[in-house]
Amino acid sequence: MAQAFTKITDPGFAEPHSGLRDQLLNAVADIAPCLEANRLPMEAQRGPTAEVVSAMRQAGLLDLRVPAALDGYEADLTLYGDVTEQVAYHNFAAGWCLMLYADNAGVAGANLLPEGLRILMPDGRMPPICGGGGGRIGELVAVEGGYRATGHWTYGSGIPQAEWTLVMAAEQPEDGAPPVPRMIFLPTRALEIEDNWHVLGLKGSGSSDFRAKDVFVPEELCFPVGQAPRRGGPLYKLGFLGFLSLCIPPLMIGLGQRVLDDMAKLAASKVRGHAKKTPLAYRGVFQSFLGEADIRLKAVRALSRATGDRLVRDIAATGKSSPENEVEARAVGAYCARQVVSIVTDVVGYAGGEGIQAGHRFEMALRDANAAVTHIILNNSAYENHAEFMMQLPDASVSF
C-alpha cells in the first residue's frame, strides 16, 4: 500500500501537479481491492468499515486538503476531484466519507492554532474527522480553559469511524448580544451516536444523528466562524459554498463512470427482445444512449473542474471569493449531479431485471445517486440563487 508521497511545497495553481496526481491515483489503485470488497459490508452495517478508513488514511488520502505548511497536499479542486472520483468509482459511500474526512482535515489544518493541532493530531497525522451537523448550532458554556458543549446534530457522515467530529456551536452572551458561533472539535468517543441511519441510499456513509451533553472543549479546539485562515493558500479563502459545492460532483461522476463502464461490458452478452433477440451492443437505441451518456459525463467533468479552477484563480488574483462565484459553483454542482442521476437511471432501464437485483452495482448506484441529490447543496434552490445574481437583483444574497 502506498504511503509516502512528495508533498506540494509551492501550492500554486498555474500548472497541474502531474507527478503528485499520478502518485495519488496510484495510491487509490493500490487500495481499490479493499474499496471493492467493502462495498456490500458497508451497505450492510450502514457505515464505513475500519478497514476502508484505515486504507484511505494509510494511502494518504485524508491529507488531500491539509495545508502544505503542515506537510499536506493542499490539493486544488482539480486534483482533489481526480482523486475522489476514483475512490467513488470503486466505492461511492467510501468516497462520500473521504470527502468529509478530507474537507474537515483541511478546515482543521487551516484554522487551528498549533496548540489545537497538537491535541488533534498528536502523532503528526490528521485523524478521520466527521462533519455535517445539518446546519444545527449547539450550545456553549464558557468554563476555565474552554467550553462545555451540548447539542443535537444531524448527518454525521463517516462518524462510526471518526476520531473527532466538527460542528458549530455558540455561547449566549450575558449582555443579550447576538450569539457568536464557533466551529468546535469534539472527541467522537464522548458523543452519543443514534442508530437512525435507515435510508434509501448512501447507507454505507453512516450519516447518523449525534448528541453531546456537557462535553468539554478546550479553547485550542475552537475558532470563530468566518475567521481568516491561519495558514494555506487561496483554497482556504473559499466560502462554505465554494469549499463544498464542487466536492460532490466528482463523486457523482465516479459513480456514473463506473455504471457506464460496467454497462458497456454487459451489453455484449445482454440480449433483449422476444421475437427478435438482439445483443444490446448491436441495438441502435442503446448505442445512441451510450455514446451520448459518455459525452455528457465528460462535459460535466470538464465543467466541474473548470469552475473549480476559476474559483481558486479568482481568489489568488483578488484575495477573496465573490458571492457570485460561490453561488454559481453550487449551481454547477447541482447540474452535474442531476446529469449523473439521469444517466444511472437509464442504465438501470437497459440492464433490466439483472440490474435491479439487491446489491447489484446498478441497483446500489440508482439508490445512492438519488440519495446524494437530496443534499441541501444540490437542491433546486441552487439554480434560483444563481439566477438572482445573474439578473443582479438588489436583494440577491447567498442562500439555501
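Visitor: Is Phe 216 buried, partly exposed or exposed?
Guide: This is a predicted model. In it, Phe 216 has 33% relative accessibility. Buried means under 20%, and exposed means over 50%. The value for Phe 216 falls in between, so the residue counts as partly exposed.

Visitor: Which strand holds Phe 216?
Guide: Look at residues 208-218. They form a strand, and Phe 216 lies in it. That strand is β7.

Visitor: Why do the buried residues of α12 lie on the same side?
Guide: Helix α12 covers residues 381-390, and its buried residues are Ser 381, Ala 382, Asn 385 and Phe 389. They are on the same side because the arc they cover around the axis is only 110°.

Visitor: Which residues are exposed on the other side of α12?
Guide: The buried side of α12 packs against α10, residues 323-351. The other side carries exposed residues. These are Glu 384 and Met 390.

Visitor: Which residue with a positive phi follows α3?
Guide: Helix α3 spans residues 50-58, with Val 52, Val 53, Ala 55, Met 56 and Arg 57 buried. After the helix comes a residue with phi near 85°. That residue is Gly 60.

Methods: Residues numbered from 1 in each chain as written. Predicted model: local features only at pLDDT ≥ 70, side-chain atom pairs only at ≥ 80, totals over all residues. Heavy atoms only, no water. Buried < 20%, exposed > 50% of the residue type's maximum accessible area, 1.4 Å probe, protein only. Helix = DSSP H or I, 4+ residues; strand = E, 2+ residues; numbered from the N terminus. Arc of directions from axis to C-beta. Contact = heavy atoms within 4.5 Å.
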